[in-house]
Amino acid sequence: MNADRDVTAQLNARGDVAVVVPAAGAGLRLGPGAPKALRLLEGEPLLVHAVRRLAAAPSVRMIVVAAPRADVGAVQALLSPVAPVTVVPGGAERQESVAAALAVVPDEVPIVLVHDAARCLTPPSVTERVAAAVRSGADAVIPVLPVVDTIKEVSADEVVLGTVDRSVLRAVQTPQGFRAAVLRAAHEAAADSHTDDAGAVEKLGIPVRCVPGSDLALKITRPLDLALATHLLAMPDPEAPAV
Ligand SMILES: Nc1ccn([C@@H]2O[C@H](COP(=O)(O)OP(=O)(O)OP(=O)(O)O)[C@@H](O)[C@H]2O)c(=O)n1
Ligand SMILES: C[C@](O)(CO)[C@H](O)COP(=O)(O)O
């Protein structure tokens with residue numbers, strides 16, 4: 001499907017959120033194989049799991065996926081039965097993939113979330129929480145978890161320099177949410193690389209608000225994460241409304 005035409009596809013016409021999904025990474029830490037977003041978890045690509053959960057969030061109006069350049073057509077075909085999505089070619093770095101997808105989000109969408117395909121089990125409740133925090137006035141919002149390990153600062157030769165106060169540290173997840181104009185300004189201003197989009201916003205001096213993340217939003221990075229995700233897949237969203 002043509003990307004310009006497809007960008008008008010809407011999930012929920014009343015939603016006010018576009019989600020940009022960087023999915024173009026190789027997944028080197030997962031070991032040899034297909035690009036990470038296309039690796040299988042219980043028979044379905046990680047990207048399918050991720051998009052299905054995003055599409056289930058009522059706030060989401062549109063989803064734009066940045067796929068590996070060679071796989072754009074295949075990803076469009078893969079996702080069409082799951083949800084209406086726009087697929088664009090990603091870049092060599094995560095932030096280039098985010099920028100490529102952000103470029104096709106129409107100006108009239110007020111809130112943009114950036115969500116790693118690799119965090120494919122993130123429940124819709126987290127997406128809704130992040131979107132709600134932006135809607136209620138925050139320029140930038142990140143889902144976080146407390147740090148559970150003791151953290152040491154070390155020298156280049158692995159000698160401990162000290163113990164960091166973990167009570168002021170947070171492990172950061174996605175989706176990260178932004179007022180659309182703020183995310184665009186941060187990406188345009190970003191002179192050097194950043195590992196997450198909130199990092200680029202911080203460099204503009206704009207406050208970034210934290211909301212609770214989820215254990216289900218783990219990033220599949222190493223083979224152990226994939227094994228863990230296989231078990232987590234059977235777990236219900238603990239925040240889903242009871243039926
Ligand atoms: N050039 C890139 C690199 C990463 N990503 C995406 O950014 C997210 C977070 O990246 P990470 O989990 O670190 O994935 P990889 O870069 O693929 O992992 P690795 O460093 O092990 O190769 C993933 O959904 C990944 O597909 C992307 O869209 N474009
Ligand atoms: C954006 C991110 O998911 C926040 O934790 C993470 O930084 C992306 O992974 P990377 O390994 O830093 O590319």
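1. Glu 158 counts as exposed because its C-beta atom has 7 neighbours inside 10 Å. Burial is scored from C-beta atoms placed from the backbone: 20 or more others within 10 Å make a residue buried, 12 or fewer make it exposed, and the range in between is partly exposed. Glu 158 lies in the loop between E8 and E9, and its phi is near 65°, a positive value in a residue other than glycine.

2. On conventions: this is a predicted model, in which local features need pLDDT of at least 70 and side-chain atom pairs count only at pLDDT 80 or more, while totals for chains, interfaces and linings use all residues. Residues are numbered from 1 along each chain as its sequence is written, and chains are lettered from A and ligands numbered from 1 in the order in which they are written.

3. Two strands are said to pair if DSSP finds at least two bridges between them. Helices (H or I, at least four residues) and strands (E, at least two) are DSSP runs, numbered from the N terminus. Lys 152 stands opposite Thr 163 in E9, and five residues sit between the two strands of the hairpin.

4. Asp 157 belongs to the loop between E8 and E9. Asp 157 is exposed, because 5 other C-beta atoms lie within 10 Å. Asp 157 and Leu 113 are 44 residues apart in sequence, and their C-alpha atoms are 39 Å apart in space.

5. Overall, the chain has eight helices and 12 strands. Its radius of gyration is 18 Å, close to the 18 Å that the globule rule gives for 243 residues, so the chain is as compact as a globular protein of that length. The radius is taken over C-alpha atoms, and the globule rule is 2.2 Å times the number of residues to the power 0.38. Along the principal axes, the C-alpha atoms fill a box of roughly 55 × 45 × 40 Å. Buried residues make up 41% of the 243 residues. Among contacts between residues at least 6 apart in sequence, 71% join residues at least 24 apart; a contact requires C-beta atoms, placed from the backbone, within 7 Å.

6. Helix H4 (residues 94-102) is largely enclosed by the rest of the structure, because eight of its nine residues are buried. Among the buried residues of H4 are Arg 94, Ser 97, Val 98 and Leu 102. The buried residues of H4 pack against strand E1 (17-22), E4, strand E5 (86-89), strand E6 (111-114), helix H6 (180-189) and helix H7 (197-202).

7. Two ligands are present in the model, and their shells are listed by a C-beta criterion: a residue is near a molecule or strand if its C-beta atom, placed from the backbone, lies within 6 Å of it. Ligand 1 is surrounded by 22 residues, the closest being Pro 22, Gly 25, Leu 28, Arg 29 and Ser 97. Its shell divides into 10 nonpolar, six polar and six charged residues. Here Ala, Val, Leu, Ile, Met, Phe, Trp, Tyr, Cys and Pro count as nonpolar, Asp, Glu, Lys and Arg as charged, and the others, Gly among them, as polar.

8. The residues around ligand 2 are Arg 94, Asp 116, Val 172, Gln 173, Thr 174, Thr 195, Asp 196 and Lys 219. They divide into one nonpolar, three polar and four charged. Thr 174 is joined to Pro 175 by a cis peptide bond with omega about 10°. Pro 175 is in the loop between strand E10 (170-172) and strand E11 (176-179).

9. Helix H5 (residues 124-135) has 12 residues and reaches 16 Å from its first C-alpha to its last, close to the 16 Å expected; the expected span is 1.5 Å times one less than the number of residues. Val 126, Thr 127, Arg 129, Val 130, Ala 131 and Val 134 are the buried residues of H5. Gly 137, which follows H5, has a positive phi near 130°.

10. Two further loop residues deserve a check. Glu 42, in the loop between strand E2 (40-41) and strand E3 (44-45), has a positive phi of about 50° although it is not a glycine. Glu 42 is exposed, with 9 other C-beta atoms within 10 Å. Asp 71, in the loop between strand E4 (60-67) and helix H3 (72-79), counts as buried, with 20 C-beta neighbours inside 10 Å. Leaving aside neighbours within four places in sequence, Asp 71 is in contact with Pro 35 and Leu 38.

Note on methods
Contact = placed C-beta atoms within 7 Å.
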